[in-house]
Amino acid sequence: MTAVFAANDDMAIGFIRAQLEAGRRVPEDISVVGFDDIPVAAYVTPPLTTVRQPFDEVARQGLALLVHVIEK
């Protein structure tokens, strides 16, 4: 395994910690990507590569869809 894409940043941070404890180097030995872009991701060593989720836009679109379905 050369890379891991974690379901969220907390899991990615935990995985990085486990790899370091096992003697593996991130990103030299294994690449790790998280999801959600939580603020603490920038302070992990090495800084976590993460995917930002546009929560406000997702909520806005979901609410608009719900209103549309209710009004039908």
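Tutor: Start with terms. Helices (H or I, at least four residues) and strands (E, at least two) are DSSP runs, numbered from the N terminus. The expected span of a helix is 1.5 Å times one less than its number of residues. This is a predicted model: local features need pLDDT of at least 70, side-chain atom pairs count only at pLDDT 80 or more, and totals for chains, interfaces and linings use all residues. Residues are numbered from 1 along each chain as its sequence is written, and side-chain values use heavy atoms, with hydrogens and water left out.

Student: What makes residues 9-21 a helix of the expected reach?
Tutor: Helix α1 has 13 residues. From first C-alpha to last, α1 reaches 18 Å, close to the 18 Å expected.

Student: Which residues of α1 are called buried?
Tutor: Buried means under 20% relative accessible area, exposed over 50%, partly exposed in between (1.4 Å probe, protein chains only). Asp-9, Ala-12, Phe-15, Ile-16 and Gln-19 are the buried ones in α1.

Student: How do you know that they line one face?
Tutor: Look down the axis of α1: the buried residues fall within an arc of 115°, so they line one face of the helix. The arc is that of the directions from the helix axis to the C-beta atoms. An α-helix has 3.6 residues a turn, so residues three or four places apart point the same way. On the other side of α1, Asp-10, Arg-17 and Glu-21 are exposed.

Student: What covers the buried residues of α1?
Tutor: The cover includes β1 (3-5), β2 (31-36) and β3 (49-52). Contact here means heavy atoms within 4.5 Å.

Student: What is the order of the strands in the open sheet?
Tutor: The order is β1-β2-β3, with parallel pairing. Each of β1 and β3 has a single partner strand, so both stand at the edges. Two strands pair if DSSP finds at least two bridges between them. β2 and β3 have four bridges, so they meet that definition.

Student: Why is Asp-36 called partly exposed?
Tutor: Its relative accessible area is 23%. Asp-36 sits in strand β2, and its phi is near 125°, a positive value in a residue other than glycine. Most residues other than glycine have a negative phi, and most peptide bonds are trans.

Student: Where are cis peptide bonds found?
Tutor: One joins Val-26 and Pro-27, with omega about 5°. Another joins Thr-45 and Pro-46, with omega about -5°.
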